[in-house]
Amino acid sequence: MRKHSVTDASRHYLAAGLALYAGVALAILSRVAAAQVPEPIAPLPLTIVVDSARASIGERLFHDVRLARDNAHSCATCHPLAQGGAQPRPRASAASDTAPPRDIPTIFNVGFNFFLNWDGAIDTLEAHAEAVLLSPNVMNTTWPELLAKLRADSDYVGDFRAAYGQPVTRDNVLDALASFERSLITPNSRFDRYLRGERDALTPAEQQGYQLFKSYGCIACHQGTNIGGNLFQKFGVFEAPDALPPLTRAIDLGRYEVTRVPRDRAVFRVPSLRNVAATAPYFHDGRAATLEVAVDTMARMQLGRRLTEGEIGFIVRFLHTLTGEWHGKPLPVVTSVTE
Amino acid sequence: MIREASRPWSIVVGLLFLLTYFFIQSRGPDLTLRARMQEAFQSFALHDAELTRDVLLVRAGLLPSYDSLAATSRDWSQDLEALRRESASGSREAVAALSEPIEALAGAVQRKQALIEHFKSDNALLRNSLIYFDRAGQAPRSRSDRDNALISEIGVLSRAMMRFVVAPEPNSNIDVQALLDRLSKLPLSQDFRDSVVHGQMVFQVLPEVDRQLREIIAAPTAAHAHTMQNAVLQYSRQAEARAQVFRLLLYFAALILLGYLVCQFVRLRLNAVELHRTNEELNREITQHNRLQEANRQQELQLIQANKMTALGILVSGVAHEINNPNQLVLTNSRVLTKAWEDAVKILDRYQREDGELTLARLPYSEMRETVAALIRDVKAGALRIGRIVDDLKNFARPGPRGVADAFQLNDAVQRAMRLLAHLINQRTAKLRTNLAPHLPPMRGNAQQVEQIVINVLVNALEALPDRDRAITISTYFAVGDGSVVLEVRDEGIGIAPQHLQRLCDPFFTTKQETGGTGLGLAICLSLARAHKGCLEFDSAPGKGTRVVVKFQCLDEPASLHAEATA
């Protein structure tokens, strides 16, 4: 292309043509790539195999307030399963002591996340459960204390004996909790049905939303089975995030707190978008109460784009199709966010 | 004693401890370390390669999502954990030898994973900006004249970006950089400004992504894994060599133990044999000792008896001599008195006839005439009897003439005795049976004395018979067992009371006081038999009969005969 010699008069048109050509070429490149690979989002499996006896112990533990030192709150306090698996409030104390309070991520489909917490400090459910139990900011218990409480309960002793052939131990408690959490999947969302071939599971508007989602680059980060949860990204690539004066406590350095690498400042885990309509508010600091705000923020800060209201509407409609079913019913959509 | 007994035990126990120690050392956990780690290494290398492959696929846009990359990375971390666990499970030496390489490996893994995370983030940005160009090229939104001038600029930019994406060479970098700088200073519409921003993003991120990609590919995890593997190999070789040494030691210790046990066993066998031999010897000694003791006791008894007999003999011969002298006087006198009375009777008869009845010792003569004669006869008979007793006593005390040791046949002595006693035999029994063995070996001694023994025994037997229907059996035979000739007299008489059996040969013991027994017959027999190196045995059932056995040493031992005779 460089060897073409062009006159100044024809330059504009040629340039325009070339721009078109280059754009088409890039488009062809990406199309060719897209044609060779399957959809970047995979549906959730309809069922998941977990040890039901262990998961059922885990379910009781999950709702047991004795897991907290003050016997006042359980895992379900922050992750109410009836409310999308995450309390609809912007911030709560996290397991990691260093971080400022952060939004509570949903517990649903947590087994498909490769990194846990907003900073990815933890990458297994067992380690996360232990961190939460022992954190002075959350459950604030100790193993001797907790195990003594559980061992005093003959039901637990019997059930653990039956499920593990062992008494109540640290490892078994963590395994039971993790087993239950792995069982918390929300399959059969309308989008998953669409992915499985039910073309009319999505309305044309929703399908258009999905196309926008892909063509506007959201898909660059939100992909995989959990539509996120498998990589980190800086919060505020093209624009710095707006300061939130009333809520500012300390600057959240995100993954930097874990890695201490300069380029990880303000880097956070890309969250899963599954059940996103049921898990408001949004972002690590819960700054966005609605999906429209969240989509607009993401487009500006992360994608370097300004979307029209219509485009945002399409994408939000698409995001609503990601709400899956738990116990056969779709998760309820969050209508109000409380501080 | 206890100390001596416990010593072999302590040696054996010590050797067993040693064996156990060597066994443990030769089969330590380090020996299986290599095998266990091999699997972890394979899995590690596989996931490492998968990770690099997935990164390349992501870069090429051929991987739909980061899920597989994240999953592989997690598996890879688990491989590392497995390696870490395994290398910490060995002995202290193994842990020390492997801790440095495993930490180096973990560092490399962590660096590569961090690179991959950064690569993922940057790649997402790159893809987003590339998608923007795609969209921008497809649908330019602004068509105003004012912008027409810019369209060509954007076209140039697109072309430059295209070139840059396909071949991000250093010299094209400068062109793109200059272009972006110039465009960013122009007052552009939002769309064009976004294009420039994304162009700048691509321009910044693309070389960074490629740099990360190169770094990921060049990450020295494989080299570190190789180093680690070598360390494991080297360590396990050392462990193997060490185990080999301990196996050898184990073998030698086992040999020593075996040798010691064999040695102890042999010693035990030898001791047992020795003990057995000693025991036999001891038994023999005890038997001999008992026999000697018995012989001693017998000799002692014999000596006592001999002494007693000698004393008795001396006493008896003295007494006999003292008795004999006055008895001879009585005997001589009685003979004189007999003749004197015969003469006196004639005178007294005449005197009676002439003077009538006269008295002697205040008794009428007619009565006394026969009575005195009888009295004198009685005196004479009494004196004769005394003389006989004295002779017997002399015989008992000093048996027979000395130094006579003729060879003769026992049967001859028996037959002589039977002839002498023919009258008495005939008187006492109608059933005499003789069973004399022919061809008896000759015996040596005094034939008359032996004859006397036979007579005494035979008389006793005959006297024991209550009537003539009872039988007497006389036998002689040769006893092969002790090489003696034997006389056996068996009667069917009244028998001997058991309490008397022991005392039969005591001098002056008699049950026939009334019939004139002196109690010396069997005592003399025993004395004579001993003089012939013989002995007497009695066997009796009261009311049924008695068996008397007299044994004589036949021939051969004239010396002892002489000795006994002399004593």
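Trainee: What makes the pairing of the side chains of A:Glu239 and A:Arg306 a salt bridge?

Mentor: In this predicted model, the N to O distance between the two side chains is 2.8 Å. The cut-off is 4 Å between a side-chain nitrogen of Lys or Arg and a carboxyl oxygen of Asp or Glu. The pair A:Glu239 and A:Arg306 therefore qualifies as a salt bridge.

Trainee: Which parts of chain A does that pair tie together?

Mentor: A:Glu239 sits in the loop between β1 (232-234) and α10 (256-259) of chain A. A:Arg306 sits in the loop between α11 (291-303) and α12 (309-320) of chain A. These parts are 67 residues apart in sequence, so the pair links them.

Trainee: What network do salt bridges that share partners form here?

Mentor: They join A:Glu239, A:Asp296, A:Arg300, A:Arg306 and B:Asp194 into one network. Over all chains, the count of salt bridges comes to 42.

Trainee: Take B:Arg59 and B:Asp210. Why is their contact called a salt bridge?

Mentor: Their side chains meet at 2.9 Å, N to O. The cut-off is 4 Å, so the pair counts.

Trainee: How far apart in helix α7 of chain B are B:Glu208 and B:Arg211?

Mentor: They are three residues apart, about one turn of the helix. Their closest N and O atoms are 2.7 Å apart. That is within 4 Å, so B:Glu208 and B:Arg211 form a salt bridge. B:Glu208 has a relative accessible area of 25% and is partly exposed. B:Arg211, at 35%, is partly exposed as well.

Trainee: Now helix packing. At what angle do α2 (residues 52-62) and α7 (residues 170-183) of chain A cross?

Mentor: The crossing angle is roughly 95°, and the axes come within 7 Å. The range for roughly perpendicular is 65 to 115 degrees, so α2(A) is roughly perpendicular to α7(A).

Trainee: What is the make-up of the contact of α2(A) with α7(A)?

Mentor: Its residues divide into eight nonpolar, two polar and four charged. The α2(A) side includes A:Ile57, A:Leu61 and A:Phe62. The α7(A) side includes A:Val173, A:Leu177 and A:Phe180.

Trainee: Which residues of helix α4 (residues 125-134) of chain A are buried?

Mentor: A:Leu125, A:His128, A:Ala129, A:Glu130, A:Val132 and A:Leu133 are. What covers the buried residues of α4(A) includes α5 (143-151) and α7 of chain A.

Trainee: Some backbone points. What makes the bond joining A:Ala280 and A:Pro281 a cis peptide bond?

Mentor: Its omega is about 0°. A:Pro281 lies in the loop between β2 (267-269) and α11 of chain A.

Trainee: What is noted about phi of A:Arg260 and A:His327?

Mentor: Phi of A:Arg260 is positive, about 60°, although A:Arg260 is not a glycine. A:His327 also has a positive phi, near 55°, and is a residue other than glycine. A:Arg260 lies in the loop between α10 and β2 of chain A. A:His327 lies in the loop between β3 (325-326) and β4 (329-330) of chain A.

Trainee: Last, how many residues does the largest nonpolar core have?

Mentor: The largest nonpolar core has 61 residues. B:Met37, B:Phe44, B:Leu83, B:Leu105 and B:Leu157 have the most contacts inside it. The largest share of this core, 13 residues, comes from α4(B). A second, separate core has 45 residues, among them B:Val316 and B:Phe408.

Technical notes: Residues numbered from 1 in each chain as written. Chains lettered and ligands numbered in written order. Predicted model: local features only at pLDDT ≥ 70, side-chain atom pairs only at ≥ 80, totals over all residues. Heavy atoms only, no water. Core = buried A, V, L, I, M, F, W, Y, C linked by side-chain atoms within 4.5 Å. Buried < 20%, exposed > 50% of the residue type's maximum accessible area, 1.4 Å probe, protein only. Helix = DSSP H or I, 4+ residues; strand = E, 2+ residues; numbered from the N terminus. Axes fitted to C-alpha atoms, helices over the stretch in contact; angles between N-to-C directions. Parallel < 35°, antiparallel > 145°, perpendicular 65-115°, else oblique. Contact = heavy atoms within 4.5 Å. Nonpolar A, V, L, I, M, F, W, Y, C, P; charged D, E, K, R; others polar.
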